[in-house]
Amino acid sequence: MGVDTHKDFHVAAVITGMGALLGSKTFPTTRAGYRALLKWARGFGTVQRAGVECTGSYGAALARHLTAAQIEVFEVNQPDKANRRRRGKNDTIDAEAAARAVLNGQATALAKTGDGPVEMLRMFKLAKASAVKSRSQAINQLKAVLVSADPKLRDELRGLSTIKLVRHLAGSTPTTPNDGTSAALYTLHLLARRIDQLNHEIVDLDAQLTAVLADHNPSLLNTYGAGPDTAAALLIAAGDNPERLRTEASFAALCGASPVEASSGKTERHRLNRGGDRQANCALHTIVLARLRWDQRTRDYVGRRVTEGKTRREAIRCLKRYVAREIYRLITSPRATVQAAA
C-alpha cells in the first residue's frame with residue numbers, strides 16, 4: 001500500500017506483489033478514517049508493507065496506526081522528478097508511486113514509531129527551541145527600547161548586566177503610560193516579565209529532558225562531551241525504534257557524518273556529506289569540540305592527523321565519524337552498555 005498524506009485527508013493506493021494496481025481511495029485524517037483506510041486495504045488481501053509520505057508530520061498518526069496493526073511502514077520521499085514530468089502529478093499517482101517505491105526497493109527506511117520516550121524528548125526540545133528563540137528576541141527588543149529611551153532612564157539602568165536588568169525591570173511597578181518615557185518604562189517592564197517567564201520555561205524543559213534521558217538512556221547522557229540537548233538531538237534522529245538503523249554506517253549517514261563517494265575515471269576521492277539530520281550533525285560537532293577542549297586523547301589524535309597532512313577541519317570530520325560509531329552503540333543497546341559499565 002502507498003499513501004499520499006495531507007492535513008485533512010490521505011489518498012491510499014494498493015498494488016499486488018506483481019505491481020498491478022488494485023484500487024485507490026481518499027480517507028479523512030480522523031481515527032475513524034484510519035480504521036476505514038486499513039479495512040478497505042485489507043479488503044484486497046493481506047497488507048504486508050506500506051509506503052507513507054511525511055511520516056514525521058502529516059503521516060505520523062497514520063504510520064503509528066499501521067505499525068500497531070503489524071504492518072511494516074516505510075518512509076517515502078517525493079517521487080522522482082523525471083517520472084513526475086512523464087506521468088504528471090495528482091494524489092492518486094503519488095500514492096501509487098509510494099507503493100511502487102516500497103515494492104521495487106527504493107524506499108528502504110523504516111518509519112519512526114514515535115510512541116515512546118524519544119517522542120517525549122522531541123516535544124520538549126521543540127518547546128525549548130521556541131522558548132530560547134523567543135527569549136533572544138525579547139532581550140533584543142528590550143535593549144532596542146532602552147537605547148532610544150530618555151537619557152535619564154538609561155542612566156538609571158546603565159551598567160547592569162542582562163540578568164540584573166531583567167530582574168530590576170520585572171520587579172518594577174510602572175505607572176499608567178502618559179508620555180514617551182512612561183510608555184518606554186511600561187514596555188520594558190512587560191518585556192522583562194516575558195523574559196523571566198521564558199527563563200522559567202527553559203529551566204523546566206531542561207529538567208524534563210534530563211529526567212527522560214536519565215531514565216531511558218543514562219549511558220548516552222553520561223558520554224564525555226554530551227549534554228541533554230546533544231543527547232536528545234541524537235536520540236531524536238534515531239527515533240524510538242533505533243533497530244531500523246541496521247549498521248553504525250547508516251546512523252553516521254543519517255547524521256551527515258559519513259564521507260560520500262565522488263570518484264570519476266582515474267580520480268578516487270570522497271566529498272563531505274551535506275545531507276542527513278543537521279541537528280544531529282551539530283550535536284556530534286558539539287561533542288567533538290568539547291572533547292577537543294578537555295580530552296587529551298582527542299587533542300593527540302588531531303595533532304597526529306594534522307602531521308599526516310590533513311587539515312584541522314578534516315581531522316574534526318574524522319572525529320565526528322568515530323563519535324557517531326560510539327553513539328550508535330549506546331543508542332541501540334543502552335541497557336547492555338550500562339550493565340557492562342557497572
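A residue is called buried when its relative accessible area is under 20%, exposed when over 50%, and partly exposed in between. The model described here is predicted.

**Overall form**

The protein contains 15 helices and seven strands. Its radius of gyration is 26 Å, well over the 20 Å that the globule rule gives for 342 residues, so the protein is more spread out than a compact globule. The C-alpha trace spans about 80 × 60 × 50 Å along the principal axes. Of the 342 residues, 39% are buried. Among contacts with a separation of 6 or more, 60% are between residues 24 or more positions apart.

**Surface and charge**

The accessible surface is about 19,500 Å², and carbon and sulfur atoms hold 52% of that. There are 51 positive and 32 negative side chains, with the centres of the two sets 3 Å apart.

**Salt bridges**

The count of salt bridges is 11. Three of them are listed here.

| Pair | Closest N to O distance |
|---|---|
| Lysine 89 and aspartate 94 | 2.9 Å |
| Lysine 128 and aspartate 229 | 2.7 Å |

Aspartate 229 lies in helix H10 (residues 228–238) and lysine 128 in helix H5, so this pair ties together parts that are 101 residues apart in sequence. Aspartate 229 is partly exposed at 31% relative accessibility, whereas lysine 128 is buried at 9%. Both also belong to a salt-bridge network that includes Asp206.

Arginine 122 and glutamate 119 are three residues apart in helix H5 (residues 117–147), a separation of about one helical turn. Arginine 122 is partly exposed at 33%; glutamate 119, at 17%, is buried. Aspartate 94, the partner of lysine 89, is buried with a relative accessible area of 4%.

Notes:
Residues are numbered from 1 along each chain as its sequence is written. This is a predicted model: local features need pLDDT of at least 70, side-chain atom pairs count only at pLDDT 80 or more; totals for chains, interfaces and linings use all residues. Side-chain values use heavy atoms; hydrogens and water are left out. Helices (H or I, at least four residues) and strands (E, at least two) are DSSP runs, numbered from the N terminus. The radius of gyration is taken over C-alpha atoms; the globule rule is 2.2 Å times the number of residues to the power 0.38. Buried means under 20% relative accessible area, exposed over 50%, partly exposed in between (1.4 Å probe, protein chains only). Contact means heavy atoms within 4.5 Å. Accessible areas come from the Shrake-Rupley method with a 1.4 Å probe; for residues, only the protein chains shown count as cover. Lys and Arg count as positive and Asp and Glu as negative; His and the chain ends are not counted. The place of a charge is taken as NZ of Lys, CZ of Arg, CG of Asp or CD of Glu. A salt bridge is a side-chain nitrogen of Lys or Arg within 4 Å of a carboxyl oxygen of Asp or Glu.
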